[in-house]
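Please look over the sequence and the structure shown below, and then read the short report that follows.

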Amino acid sequence: MLHKRTPHTGLLALAAFAVAGLFLLQTGLSVTALAASTANAVGVGVGVDPHAVPVPPPPFKDEDVFPCSECHDVEDEPDTTRRQLEMAHEEIVLEHDQENRWCLDCHDANNRDHLRRASGALIEFARSYELCGQCHGTKYRDWKAGVHGKRTGSWLGAKQYLLCVHCHDPHSPSFKPLEPLAAPMRPEEIR
Amino acid sequence: MSRDVTRRQFLCIVAGCAAAAATGCSDFTHTALFRDNFRDLSPAELKDILADLEKKHSATYGKQVTVGATPALDGVEFGYALDLSRCIGCRRCVRGCVEENNQSRDPQVQWIRVLEMDSEHGINLEHSDPYYDAEKVPEDGKFYMPIACQQCRNAPCVKSCPVGATWQEPDGIVVIDYDWCIGCRCCMASCPYGARHFNWGRPSIPADDMNPATHYLGNRPRPKGVVEKCTFCVQRVRKGLYPKCVEVCPVGARKFGNLLDPNSEIRYVLDNKRVVVLKSEQNTQPRFYYFFG
């Protein structure tokens with residue numbers, strides 16, 4: 001066979017004696033055969049049903065912010081006029097089609113603990129991808145297939161998804177630049 | 001041992017022991033010096049060798065090191081896809097790879113190289129720069145292309161190895177038997193992707209950072225004077241895990257799976273996305289695809 005080779009014939013030049021016996025004895029010992037791991041039959045596909053895939057809870061910046069109904073009293077008549085917020089949430093700067101949209105296009109005025117579809121149907125925060133998927137259909141399709149966004153875990157078993165909002169701030173969804181890690185050394189710098 | 005020791009082999013063993021004793025070289029163990037190519041080992045010999053390596057590395061790094069040799073899974077051919085429209089060039093994959101695969105920190109060995117390219121030139125290696133040092137990435141007008149081993153179906157490195165120290169496994173991973181490699185670097189000369197790296201010096205890995213879960217054909221510590229490269233994290237993927245670079249990529253640009261499973265993520269990419277392979281004119285037929293998500 002091509003890859004057969006007599007072990008280190010060059011070393012023949014260095015003749016020697018005594019220590020060899022011990023090593024010869026060791027290599028001659030028979031040991032129990034290594035049980036070759038039985039190969040797993042692989043045929044488990046990637047589920048395309050997002051409900052079958054575990055998503056982590058939504059990443060609220062402040063743990064106390066949810067449930068929203070703690071502050072937004074359902075008894076109060078909500079002010080649905082489009083306006084600049086001044087009493088609360090004024091830190092949120094909408095950079096997400098802000099010319100055409102505002103808070104209550106996605107947040108439900110009467111049930112603050114839910115999001116709302118364009119149809120008015122309510123969506124839980126934990127399933128916010130359904131909301132995003134209304135406009136970003138192709139990305140939603142890829143995400144369900146595991147191709148848009150990050151998946152961790154097992155390529156043939158249980159996988160961990162992330163929600164859209166783990167990577168994209170829903171109020172400013174463009175991915176924010178990162179500091180790169182150090183450049184590799186140039187060959188001339190390597191000693 | 002399954003066969004009688006010939007006079008020639010006996011003399012080799014005698015000579016080898018003397019050399020090891022004379023030079024005091026601790027890298028040489030009897031299993032590393034006087035054994036067959038990995039593919040010709042009997043299960044008993046392999047077990048012996050793995051135990052020997054585990055003992056040696058555990059002593060060196062002061063922790064329990066395991067050296068496995070999990071074979072390829074049935075019905076699996078691995079494929080990899082990288083979304084060029086997502087990659088931001090942050091080099092998190094490079095660090096993850098170095099730490100997972102026990103690459104030498106000094107002299108520096110890195111299996112993944114991230115190239116910065118000009119959007120106006122498209123994929124053009126002559127207009128690429130691996131040494132970019134931006135404050136924040138991605139920069140305007142640039143895109144990034146990480147390159148590591150392409151796990152070619154028609155691998156030039158395998159063909160050019162004069163001793164059969166590198167070959168393609170049934171699951172498609174091109175591996176190296178570090179103890180069979182003679183360090184001639186023919187494979188490096190023949191690889192069109194610069195994916196193979198030579199240990200010019202004795203590799204150094206801080207004991208605290210050394211990853212003790214190793215595979216014989218993958219991330220076990222390498223000796224000086226041998227070639228190494230990406231193995232799709234053979235120690236992880238044969239256990240069903242994603243490669244480390246997939247796990248650490250902050251933008252999810254890296255996709256991995258079984259090409260033979262029509263429902264896998266990798267097949268979804270091939271079926272639905274615009275896909276390119278690097279240097280297709282070389283007819284290397286990579287299992288590594290670049291796509292635009």
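## A term to begin with

A residue is called buried if 20 or more other C-beta atoms lie within 10 Å of its own, exposed if 12 or fewer do, and partly exposed in between. The model described here is a predicted one.

## Asp52 of chain B

Asp52(B) has 17 C-beta neighbours inside 10 Å, and therefore counts as partly exposed. Asp52(B) belongs to helix 3 of chain B, which covers residues 43-61.

## Leu241 of chain B

Leu241(B) lies in a loop of chain B, between helix 7 (234-237) and helix 8 (244-248). Because Leu241(B) has 19 C-beta neighbours inside 10 Å, this residue also counts as partly exposed.

When residues up to four places away in sequence are left out, Leu241(B) touches Arg236(B) and, in chain A, Ser154(A). Gln150(B) is 91 residues from Leu241(B) in sequence, and the C-alpha atoms of the two are 19 Å apart in space.

## The nonpolar cores

The largest nonpolar core is made up of 73 residues, and those with the most contacts inside it are Tyr80(B), Ile112(B) and Phe232(B). Setting aside neighbours within four places in sequence, Phe232(B) is in contact with Phe78(B), Tyr80(B), Gln151(B), Ile173(B), Val237(B) and Pro243(B). There is also a second, separate core of seven residues, among them Leu131(A), Cys132(A), Leu163(A) and Cys164(A).

Conventions. Residues are numbered from 1 along each chain as its sequence is written. Chains are lettered from A and ligands numbered from 1 in the order in which they are written. This is a predicted model: local features need pLDDT of at least 70, side-chain atom pairs count only at pLDDT 80 or more; totals for chains, interfaces and linings use all residues. Helices (H or I, at least four residues) and strands (E, at least two) are DSSP runs, numbered from the N terminus. Two residues are in contact if their C-beta atoms, placed from the backbone, lie within 7 Å. A nonpolar core is a set of buried Ala, Val, Leu, Ile, Met, Phe, Trp, Tyr and Cys residues joined through C-beta atoms within 7 Å.
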